[in-house]
Amino acid sequence: MDGNVVHALCKYLDMDTDSVFREESPLDMTFISEIEDLLRKNSEMFYEKRVPQKTPDIKDGTSIIEQIKEEDKMLSYPYESIRPFLNLLVEAAEDENVVSIKMTLYRLAKQSKIIEALCEAAENGKEVVVLVELRARFDEENNIEWSRRLEDAGCHVVYGIDGLKVHSKLCLITRKDGDQIQYITQIGTGNYNEKTARLYTDLSLITADQEIGEEALKVFQAILLGKTVNETEHLLVAPKCLQKPVLGLIDREIQMAKEGKAAYIGIKINSLTDKRIIDKLVEASKAGVKIDMVVRGICCLRSGVLGETEHIHIRSIVGRYLEHSRIYIFGIEDRDQIYI
């Protein structure tokens, strides 16, 4: 660490440089929150407080499930609160028509309301199937503890798929409405974590679309067998049903550009390293497809190279919130397909 930084820290923390020890091994950074508390009086070091707002799309005092059946709901964290999704899980846990809740868990909060709702659902006699990814970086111990609690409550806990990390954020609520089977599916870009929902930009789509629900069910059935889905119609599911459809959608825009029609691709992702997709984006740029990209981290594609990537514009947003949402747009507004 730079000497000036060390001196600044000592000044803020009111201590001598004699109290500074240099350590070569990686530090346990959990102490940062204590420093944060010590520095609260230095208001210039902190962002102005912002509180996630209540979404106007979901009304209080009315069944959330019934509202979702009327129309899809989209939450945008951290600008909107995760509370409606938590309320949905609580409602599902208590709804006598709900027969099962299936969910993938990757990174959970230390005091998780989601775990409480799932445990309540299992204790109320619902079938609760939870995939807990034990290889979630930095959260392995936390996830093991939550797994034990879920199992104790009667949930069926699955621990990933051999050779793969399950990174999906998927929740499927199955209801019986008379003789009909009904699905409420939540698909998100963010972890089921109340804390990061206040710090990361993420999207959460909740839908009663029957076909999406049926496809989500196939994903969970494959996971329970330790497999992955080989074919999908509505969802893009790695490792077998993501890259190829994306390449096909880029090809469609290339064809549009070659026919002299307006063509567009918009992408927001954490990083871009996949060579086949990079090569296809270069091909699209050469064909005249307009491409806008927001890539937060690693990006192995250079934009603005004459004759190669001149129609590609890439930016990185690093600010108050961690840009975590993944968005893919293929086509101009009147014919676009949008995925998260």
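Author: Patches are made of residues with over 30% relative accessible area and no salt bridge, and nonpolar side chains are joined within 5 Å. Keep in mind that this is a predicted model.

Reader: Fine. Which residues form the nonpolar patch on the surface?

Author: Leu 27, Met 29, Phe 31 and Ile 32 do, and together they have about 370 Å² of accessible area.

Reader: Where does Leu 27 lie, and is Leu 27 buried or exposed?

Author: Leu 27 sits in the loop between helix H1 (3-13) and helix H2 (32-38). Leu 27 counts as exposed because its relative accessible area is 53%, and the cut-off for exposed is over 50%.

Reader: Switching to charge. Which residues gather in the patch of negative charge?

Author: Asp 72, Asp 209, Glu 211, Glu 214, Glu 231 and Glu 233 gather there, on the surface. Glu 233 belongs to the loop between helix H7 (210-224) and helix H8 (243-258), and is exposed at a relative accessible area of 64%.

Reader: I see a proline in the H7-H8 loop. What joins Ala 238 and Pro 239?

Author: A cis peptide bond, with omega about 5 degrees. Pro 239 lies in the loop between H7 and H8. The peptide bond from Tyr 77 to Pro 78 is also cis, with omega near 0 degrees, and Pro 78 is in the loop between E1 and H4.

Reader: Now the inside. Which residues touch the most other members of the largest nonpolar core?

Author: Phe 85, Leu 105 and Leu 150, out of 39 residues in that core. Among the elements that each supply at least two residues of this core are helix H3 (64-70), strand E1 (73-77), helix H4 (83-94), strand E2 (98-105) and strand E5 (170-177).

Reader: Which element gives the largest share?

Author: H5 does, with 7 residues of this core.

Reader: And overall, how many helices and strands are there?

Author: The protein has 9 helices and 13 strands. Of its 340 residues, 44% are buried. The C-alpha atoms fill a box of roughly 75 × 60 × 40 Å along the principal axes.

How values were computed:
Residues are numbered from 1 along each chain as its sequence is written. This is a predicted model: local features need pLDDT of at least 70, side-chain atom pairs count only at pLDDT 80 or more; totals for chains, interfaces and linings use all residues. Side-chain values use heavy atoms; hydrogens and water are left out. Patches are made of residues with over 30% relative accessible area and no salt bridge: like charges are joined within 9 Å, nonpolar side chains (Val, Leu, Ile, Met, Phe, Trp, Tyr) within 5 Å. Accessible areas come from the Shrake-Rupley method with a 1.4 Å probe; for residues, only the protein chains shown count as cover. A salt bridge is a side-chain nitrogen of Lys or Arg within 4 Å of a carboxyl oxygen of Asp or Glu. Helices (H or I, at least four residues) and strands (E, at least two) are DSSP runs, numbered from the N terminus. Buried means under 20% relative accessible area, exposed over 50%, partly exposed in between (1.4 Å probe, protein chains only). Lys and Arg count as positive and Asp and Glu as negative; His and the chain ends are not counted. The place of a charge is taken as NZ of Lys, CZ of Arg, CG of Asp or CD of Glu. A nonpolar core is a set of buried Ala, Val, Leu, Ile, Met, Phe, Trp, Tyr and Cys residues joined through side-chain atoms within 4.5 Å.
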